[in-house]
Amino acid sequence: MTRYEIKKIFSRKASKAALLLLLAVLILVLNFTITDLFYVNEQGENEYGLRAIAKVREVKKEWAGELTEDQIRKVIEENVRIAQTPEALSENLDQNNVAFSWKQGLMDIRNLLVYDYGGFSDYNYYLPDSLSPEAASEFYPNRIKNLKEWLDTEAAGEFTEGEKAYLIDNYESLETPLYYDYQDGWYSLFQYAPTVIMVTTLVLGFLCAGIFSSEFQQRASAVFYASFYGRDRAVAAKIKAGLVVVTVIYWSMILLYTVLVLGIFGADGAGCQIQSTSSGWKSIYHITNLQEYLLTVFGGYAGCLFMMLLTMLVSAKTNSAVLAVLVPFVLIFLPSFLSEVDIPLQKKVLGLLPDQLLQMTLVVKYFNLYGIGGKIFPAAPLLLILYTSLCIVMLPSVYRIYRKKQA
């Protein structure tokens, strides 16, 4: 029965077109990831493609190692040296590109200097060019100092005293020195992972929307429920079919995306803390790139599964595929419109909506905190626990609702 229900899902031309759309999105995303990265040669010319990726990896590998005070000092000295060359000071863009080619290997660490030696919410690209080597000793203390200043000024009314204490303690407990390595593969993977997961969820919503409404739309419900197994095994088969389709397509898409991106860029830096790159420098999650990846894909699966179960529940309750297919669209896009309103309480509510599970790479960058039983918790673990529990509760609910319907 389950196999028959799966065949019904993919028997429609629209379903096959939806799968082709998924592949098209994957190809488009891969094209973006490859063209986003470029290598500047000694003539100041941009190079693209696989050879350029290999060259960038090679020059960044030269700076791999622990970010100790000595290493930071070397980066500052080398960056300042390059910034004072005639090529860097020239008003000719081609000459500037030549100077840029000399510091490509240290650009990731240089970007950390931008965030570390400026204010918590400031960004001054040229700030590292004026640093002195002695500033290297302030590298890690600055991260904590900037946070405290930000909490006392710009974010003074945004957090409770308990939350402020949690954030400061979190920053102070980060193990240092951090280890740096080439990590462009993980950066590229995380950059478009939310897009891939969201599009996959929308397509799955389209595929699953008609699972429970098809018999009513085809006026075959009386036959369905009058059959010997119509109200038990047949209903269970529909749920199993939905779970199989969601699981197989989601993980096929994610694993294919992962293999292709890391196969092109390399998986170097899997064990590096996410704070070792500028995108994760401010994060309160003490995790590695590999752990962020696992959080992203399993969080995405939990969010996708929840939305599909809700889609099937609406389909079973209303007998309408149209209303059911709207569920993932509303849950994904509505929060983005509501987030424009800058209200602290609303931010906390939005931080726990299911769309957050589809974009865990962003969640680990947010300061969404929740007090439970006198303790402070970040959003990511709460999201996983909350929606995994809801999925477990919804499974029997979908079964009961459709089983008790009248033909």
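What follows is a guided sequence of selections, beginning with the whole chain and then turning to individual elements.

**Before selecting**

This is a predicted model, in which local features need pLDDT of at least 70 and side-chain atom pairs count only at pLDDT 80 or more, while totals for chains, interfaces and linings use all residues. Residues are numbered from 1 along each chain as its sequence is written, and side-chain values use heavy atoms, with hydrogens and water left out.

**The whole chain**

Display the protein chain as a cartoon: it has 18 helices and six strands. Helices (H or I, at least four residues) and strands (E, at least two) are DSSP runs, numbered from the N terminus. Of the 407 residues of the chain, 50% count as buried. Buried means under 20% relative accessible area, exposed over 50%, and partly exposed in between (1.4 Å probe, protein chains only). A contact means heavy atoms within 4.5 Å. Among the contacts in the chain with a separation of 6 or more, 75% are accounted for by residues 24 or more positions apart.

**Helix 4**

Select residues 69–83, which form helix 4. The expected span of a helix is 1.5 Å times one less than its number of residues. For the 15 residues of helix 4 this gives 21 Å, in agreement with the 21 Å between its end C-alpha atoms. Now colour the buried residues of helix 4: Gln-71, Ile-72, Val-75, Ile-76, Asn-79, Val-80, Ile-82 and Ala-83. Viewed down the helix axis, these buried residues fall within an arc of 165°, so they line one face of helix 4. The arc is that of the directions from the helix axis to the C-beta atoms. The elements that cover these residues include strand 3 (65–66), helix 5 (86–89), helix 6, helix 7 and helix 8.

**Helix 7**

Next, select residues 107–117. Why is helix 7 described as largely enclosed by the rest of the structure? Ten of the eleven residues of helix 7 are buried, so the remainder of the structure largely encloses it. The buried residues include Met-107, Asp-108, Arg-110 and Tyr-117. Show their neighbours as well: the buried residues of helix 7 pack against helix 3 (50–61), helix 4, helix 6 (93–102), helix 8 (139–152), strand 4 (179–180) and helix 10 (184–208).

**Cysteines and Asn-289**

Select Cys-208, which is buried at 0% relative accessibility. A disulfide is a pair of cysteine sulfur atoms within 2.5 Å. The closest cysteine sulfur to that of Cys-208 belongs to Cys-304, at 8.0 Å, which is too far for a bond. By this rule, the count of disulfides is zero.

Move to Cys-272, buried at 2% relative accessibility, and then to Asn-289 in helix 14 (residues 289–318). Asn-289 is buried, with a relative accessible area of 4%. Leaving aside residues up to four places away in sequence, Asn-289 touches Gln-183, Trp-186, Phe-190, Gly-269, Ala-270, Cys-272 and Ile-274.

**The hairpin**

Strand 5 (residues 369–372) and strand 6 (residues 375–378) pair in the antiparallel sense over four bridges; two strands pair if DSSP finds at least two bridges between them. Gly-371 has Ile-376 as its bridge partner, and Ile-372 has Lys-375. The two strands form a hairpin with two residues between them, and Gly-373 in the turn has a positive phi of about 60°.

**Helix 18**

Finally, select Ser-397 in helix 18 (residues 379–403). Ser-397 is buried, at 18% relative accessibility. A polar atom of its side chain lies 3.1 Å from the backbone oxygen of Val-393.

Key: A polar contact is a pair of N or O atoms within 3.5 Å; within protein, one must be able to donate a hydrogen and the other to accept it, and residues adjacent in sequence count only if both atoms are side-chain atoms.
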